[in-house]
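Me: I'd like to learn how to read a protein model. Can you walk me through a few features?

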Amino acid sequence: MKPKNIVKNSIIGATTIFIATILVRMFTLSTDITLVKTIKTPDLSEISEMFSGDYRQKAIALDGRVIQGTSMEPQPIASTAKMILSLAIMREKPFDLGSQGESITITPEFFNRYLWYVAHNGSNTRVLVGEQISQYDALASVLLASSNNMADTLAIWAFDSLESYQNYATNMLQEMGITNTTIGVDASGYDESTTSTAEDLAKIASELLKNPVLKEIVGLKSHVVPVANEIQNTNKILGNSLNNGSTVIGVKTGYIGDISGYNLVSAYEIDGHIVTLALLGANTRSDSFEGSENELLKLSQEITHTIIANKDEKVGYLETWWSGQHEIYADEELKVIGVKSDELQIDLSDSGLTATLNGEASNIKTHHEAFPKSPTIWERFLHVFGWRHE
């Protein structure tokens, strides 16, 4: 072969290889779209040191998570024990909101319990042998008027004996992860053998308020029951307004003299989240009411929404080498309620923006401007030589 032909063929061969290499690189280029989160994780609410009053124990819970409390040794909790009874009753014999539940007949045994509490100056609801009282009215007597005889009546009616109730309630609390509470010999808390801590009671109150029937009952200022007629709620701060527009929604008082001091578990709701406060061992009833209301007022200012993203706020961008950056915006407001000690994580994905607070996720959709999902032939060619969109 002539040298000229050899050179010509070599040039053609090299050109062919070059073009083939370019084509291979053009059509094997990565066309991945990079997603970048630019929104920062905000600081959650800072809760100031709680309680200035003289109380034996104190605790605050947000949705059942204790966020602040003092050192805890179980102590007699008096009638706040009736929250536990009410949860057990609604678990064993549930009924829907708007219903009255089952009917309970007042037997001679139940009447004698009424007489015993009258003789011992315990809170009571007047009953008569043969009286029919609904489950709802009995629970109202327990939670509003703090009726000791009706608490024992409900426990024996639902579980056959106080001993059976004791076993049931103990197992129920263990299943809820409430471990520092002991169920005593009665269902009312009149006997000092029922003990708990402020932290446990704050959790128990949160569980109670998840039940629509019990939540409605503890929100009543008064109620009419058979024989005893109108009963009043012992929680005198119920319905009082707080700084964030919320009101006090419950839940229970308790007192058996110096053994327990004056106890009060109270709560408010903000955007579906429940804040519960337990103060145990106040010196006077007015101290328990005033202290609880002051703390709830303070908490309503401190436990607030944290805005993760406002509507149409930039939260990140998509980036490609062929079309540059394309900003991502929130479709709506995303907010959470948490405190400094909580774990908050913010994630951006193809499906939207997600805020995960203590393992519980809230999310919103996002949007971005339209852009070509793949490069043109010309852009592929240029990129082989290092070009990218600025």
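Reply: Let's go through a helix, the cores and one serine. This is a predicted model, where local features need pLDDT of at least 70 and side-chain atom pairs count only at pLDDT 80 or more, while totals for chains, interfaces and linings use all residues. Residues are numbered from 1 along each chain as its sequence is written, and side-chain values use heavy atoms, leaving out hydrogens and water.

Me: What span should helix H7 have?

Reply: Helices are DSSP runs (H or I, at least four residues), numbered from the N terminus. The expected span is 1.5 Å times one less than the number of residues. H7 has 13 residues (198-210), so it should span 18 Å, and its end C-alpha atoms, 19 Å apart, agree with that.

Me: Which residues touch the most other members of the largest nonpolar core?

Reply: A nonpolar core is a set of buried Ala, Val, Leu, Ile, Met, Phe, Trp, Tyr and Cys residues joined through side-chain atoms within 4.5 Å. Here they're Ile 84, Leu 85, Leu 154, Tyr 165 and Leu 208, out of 63 residues. Helix H5 (residues 148-159) gives the most to this core, with 8 residues.

Me: Is Ser 292 buried or exposed?

Reply: Buried means under 20% relative accessible area, exposed over 50%, partly exposed in between (1.4 Å probe, protein chains only). Ser 292 has 0% relative accessibility, so it counts as buried. This serine sits in helix H9 (residues 285-302), and its side chain reaches the backbone oxygen of Ser 288 at 2.9 Å.

How values were computed
Helices (H or I, at least four residues) and strands (E, at least two) are DSSP runs, numbered from the N terminus. A polar contact is a pair of N or O atoms within 3.5 Å; within protein, one must be able to donate a hydrogen and the other to accept it, and residues adjacent in sequence count only if both atoms are side-chain atoms.
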